[in-house]
Amino acid sequence: MAGAEWESLEQCLEKHLPSQDLREVKRVLYGKETRKLDLPSRAFEVASEGNFELQGYAFEAANEQLRRPQIVRVGLVQNRTPLPADAPVAEQVSALHRRIEAIAEVAAMCGVNIICFQEAWTMPFAFCTREKLPWTEFAESAEDGPTTRFCQKLAKKHNMVVVSPILERDRDHGNVLWNTAVVISNSGAVLGKTRKNHIPRVGDFNESTYYMEGNLGHPVFQTQFGRIAVNICYGRHHPLNWLMYSINGAEIIFNPSATIGILSESLWPIEARNAAIANHCFTCAINRVGQEHFPNEFTSGDGKKAHHDFGYFYGSSYVAAPDGSRTPGLSRSQDGLLVAELNLNLCQQMSDVWNFKMTGRYEMYARELAEAVKPNYVPTIVKELSSVPIRLGQ
Ligand SMILES: NC(=O)NCCC(=O)O
């Protein structure tokens, strides 16, 4: 399994394919080509000085007579944890704040309107250890914890909506923990929060030790720049989870994630992109980068030896559009900022072409699902009535 040395699928294709083949391969793998955004050269300089990658693309939509284009720029941030996992908690959090502050500066230079960070961005992804301290100390209030206050300042300074996925401690309900994304308006006000609906119990992603499945449903946040929702990590394997955000009107669904190559890299390019197609919306898939090393050994419940390392977080963040096109991914090994310019008119345009909301048989599914979840449900399997073999010629 490749680690940091294998930079990206895109680089590999570009290196090895003749240009004619490359064009056709990209057409099939990536859909209609996204235009490269003309970002300020100073932004590239600052990104390079700050040792992170910057890429920018635009999705086009057809001109309409009655609606103006609804242009919005989103920024997806992927990053390593700058300090080792055994550094003091407060130092780790503050190093991450500083790192994100620097990346957000560049996002502002690129005209980003909505920025989203990776899942549980203020901490190492320590849930594999199943230890409580010190990891639970990273949890904060979604309403007024230090990270929310930090993001409020960013939002106000840059006139940017900030989506901040954190480990939440809910002091109004017995101080329990949640995997939460806080949505902060460009005014600096906390618009609300949303919680991870599906908790993985797969390999080292055994997060059920820390928090339960989210209880806030599928909220969509009306921002000045469009209607957004957040489907946190493992929720991307659940088509109905995407569907419900879309049914509530989401035009852009962010998918802040933490996932490793050995488990999910072949699923990664498909799932968020398929969700964009199926739901006539934009999706933004964000993954962290690098290898995280934990002080105490843990096992993965697979009969293999205990170890200190999570697998390799392969980055590769990308944006997918409702017409099935997508941006190239950010690198597998570097911190990065992906800027994508979206024309939200494309959502309705694609809905009018494909009509999935019209052809979807939601009533039928709702009726059948309501039956299927009952304890006494008998699956509808049609069987041959008689088990006596029919003799031909009699
Ligand atoms: N963070 C998280 O839910 N990871 C689970 C693994 C995956 O969904 O790829």
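User: Which strands form the open five-strand sheet, and in what order?

Analyst: First, a general point. Strands of a sheet pair through backbone hydrogen bonds, either parallel or antiparallel. In this predicted model, the five strands run in the order E10-E11-E12-E13-E16, with mixed pairing. Strand E10 (221-223) and strand E16 (318-320) stand at the edges. Each has a single partner strand, so one side of each is left without a neighbour in the sheet.

User: By what angle are neighbouring strands of this sheet turned against each other on average?

Analyst: The average is 25°, with direction ignored.

User: How many bridges join E13 to E16, and is the pair parallel or antiparallel?

Analyst: Three bridges join strand E13 (residues 282-287) to E16, and the two run antiparallel.

User: Which strands does helix H8 lie across?

Analyst: Helix H8 (residues 268-279) lies across strand E12 (252-257), E13 and E16. Against E13, helix H8 runs at about 155°.

User: Now the other sheet. What is the order of its eight strands?

Analyst: Read along E1-E2-E17-E3-E4-E5-E6-E7. This sheet is open too, and its pairing is mixed. The edge strands are E1 and strand E7 (190-195), each pairing on one side only.

User: How do I read the side chains along a strand?

Analyst: In a regular strand the side chains alternate between the two faces of the sheet. For the partners of a strand, follow the bridges. Strand E1 (residues 35-36) is joined by two bridges to strand E2 (residues 53-58), and they run antiparallel. There, Arg-35 stands opposite Ala-58 in E2.

User: In which sense do E2 and E17 pair?

Analyst: In the parallel sense, over six bridges, with E17 covering residues 336-343. Ala-58 stands opposite Glu-341 in E17. So Ala-58 has two facing residues to look for: Arg-35 and Glu-341, by the rule that strands pair through backbone hydrogen bonds.

User: And how many bridges link E3 with E17?

Analyst: Eight bridges, in the antiparallel sense, with E3 at residues 71-78. Look for Ile-71 opposite Asn-343 in E17.

User: Where is the cis peptide bond?

Analyst: Between Leu-133 and Pro-134, where omega is about 5°. Pro-134 sits in the loop between strand E4 (114-116) and helix H5 (146-158). Ala-120 also lies in the loop between E4 and H5. Ala-120 is not a glycine, yet has a positive phi of about 45°.

User: Which residues does UniProt list for the CN hydrolase domain?

Analyst: The unreviewed UniProt entry lists residues 72-344. In the model, the end C-alpha atoms of that span lie 7 Å apart. The span is 22% helix and 32% strand.

User: Last, the whole chain. How many helices and strands are there?

Analyst: Eleven helices and 17 strands. The radius of gyration is 22 Å, close to the 21 Å that the globule rule gives for 394 residues, so the chain is as compact as a globular protein of that length. Along its principal axes, the C-alpha trace spans about 85 × 55 × 50 Å.

Methods
Residues numbered from 1 in each chain as written. Predicted model: local features only at pLDDT ≥ 70, side-chain atom pairs only at ≥ 80, totals over all residues. Pairing = 2+ DSSP bridges. Helix = DSSP H or I, 4+ residues; strand = E, 2+ residues; numbered from the N terminus. Axes fitted to C-alpha atoms, helices over the stretch in contact; angles between N-to-C directions. Contact = placed C-beta atoms within 7 Å. UniProt positions renumbered as here; feature names shortened; annotations may be inferred. Rg over C-alpha atoms; globule rule 2.2 N^0.38 Å.
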